[in-house]
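Me: I would like to go through a protein model step by step. Please put it up, and then I will ask about it.

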Amino acid sequence: MRLDKFLSQQLEISRAIAAREIRGRRVTVDGEIVRDSAFKLDPEHQVEYDGNPLQQQFGPRYFMLNKPQGYVCSTDDPDHPTVLFFLEEPTAWKLHAAGRLDIDTTGLVLMTDDGQWSHRITSPRHHCEKTYLVTLEQPLSDDTAQQFAEGVQLHGEKTLTQPATLDVIAENQVRLTISEGRYHQVKRMFAAVGNHVVALHRERIGAITLDSDLEPGEYRPLTLEEISSIVVPK
């Protein structure tokens, strides 16, 4: 990658400004000042700007975030803070959520810049399972698990939901696993059977489970095993 392009991405500035900074002797490569904007960086090069190291990026990135309430999963929102606030990564604005959560829903969000990988999670035809911890306003009806297993009719939808698995934790708290991602699906499913969701927390996407060591707002890179659990066709 050219040095001016790299600096532009890292500092989120234009290529013209990056070239000016390079000419101004503010950039070093392996400890030596470089003034050539077209200098080609290799993966092993150590780049610093004003003495601060800049990390080179090679290949896609994958993170899990424990999303707190009050944040949206879009990368830009004029009215609400976004989950990018928590990601202290170079060019974090290039990352997107692979499966969004509502502003008041907490838990597992996967962030990546790999479009094919996230498509395997979000595309309805791949049926990627997602598990939620659900707190309800009313005690759970005895027949709700059977209704969800058979599929329920959501308001405004033409087809029943896909079979879902419901595990009872307490009279008003359950663990629900679904394999599709309709708009506000979990809340609408319980509304369809006469109940109301008061708290919703996502615990799992596919084989990736939220790390119990992550406090709300904390994140970590995915392991190679977690990344490869989402199979992308070659």
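Predicted model: local features only at pLDDT ≥ 70, side-chain atom pairs only at ≥ 80, totals over all residues.

Me: Which domains does the domain assignment give?
Reply: Domain bounds come from an automatic or database domain assignment. The centres of domain 1 and domain 2, taken over C-alpha atoms, are separated by 29 Å. The assignment gives domain 1 (3–54), domain 2 (59–127 + 209–233) and domain 3 (129–205).

Me: How many of the nine residues of helix α1 are buried?
Reply: Helices (H or I, at least four residues) and strands (E, at least two) are DSSP runs, numbered from the N terminus. Buried means under 20% relative accessible area, exposed over 50%, and partly exposed in between (1.4 Å probe, protein chains only). Leu 3, Asp 4, Phe 6, Leu 7, Ser 8, Gln 9 and Gln 10 are the buried residues of α1. Helix α1 (residues 3–11) is mostly covered, and the buried count is seven.

Me: What covers the buried residues of α1?
Reply: Contact means heavy atoms within 4.5 Å. The cover includes one helix and several strands. Among them are α2 (15–23), β1 (27–29), β3 (47–49) and β4 (52–54).

Me: Which residue follows α1 with a positive phi?
Reply: The phi of this residue is near 55°. The residue is Glu 12.

Me: At what angle do α1 and α2 pack?
Reply: Axes are lines fitted to C-alpha atoms, for helices over the stretch in contact, and angles run from 0 to 180 degrees between N-to-C directions. The two axes are 8 Å apart. The angle is about 110°.

Me: How do the residues of the contact of α1 with α2 divide?
Reply: From α1 come Leu 3, Asp 4, Lys 5, Leu 7 and Ser 8, and from α2 come Arg 15, Ala 18, Glu 21 and Ile 22. Ala, Val, Leu, Ile, Met, Phe, Trp, Tyr, Cys and Pro count as nonpolar, Asp, Glu, Lys and Arg as charged, and the others, Gly among them, as polar. The division is four nonpolar, one polar and four charged.

Me: Is Leu 214 buried or exposed?
Reply: Leu 214 sits in the loop between β12 (208–209) and β13 (219–221). Leaving aside neighbours within four places in sequence, Leu 214 is in contact with Met 64, Asn 66, Tyr 219 and Arg 220. Its relative accessible area is 11%, so Leu 214 is buried.

Me: Is Asp 142 buried or exposed?
Reply: Asp 142 lies in the loop between β8 (130–136) and α4 (144–150). Its C-alpha atom is separated by 9.9 Å from that of Glu 171, 29 residues apart along the chain. With a relative accessible area of 83%, Asp 142 is exposed.

Me: Which residue follows α5 with a positive phi?
Reply: In helix α5 (residues 185–192), the buried residues are Gln 185, Val 186, Arg 188, Met 189 and Phe 190. They pack against β8, α4, β9 (165–170), β10 (173–178) and β11 (197–205). The residue after α5 has a phi near 85° and is Gly 194.

How values were computed. Residues numbered from 1 in each chain as written. Heavy atoms only, no water.
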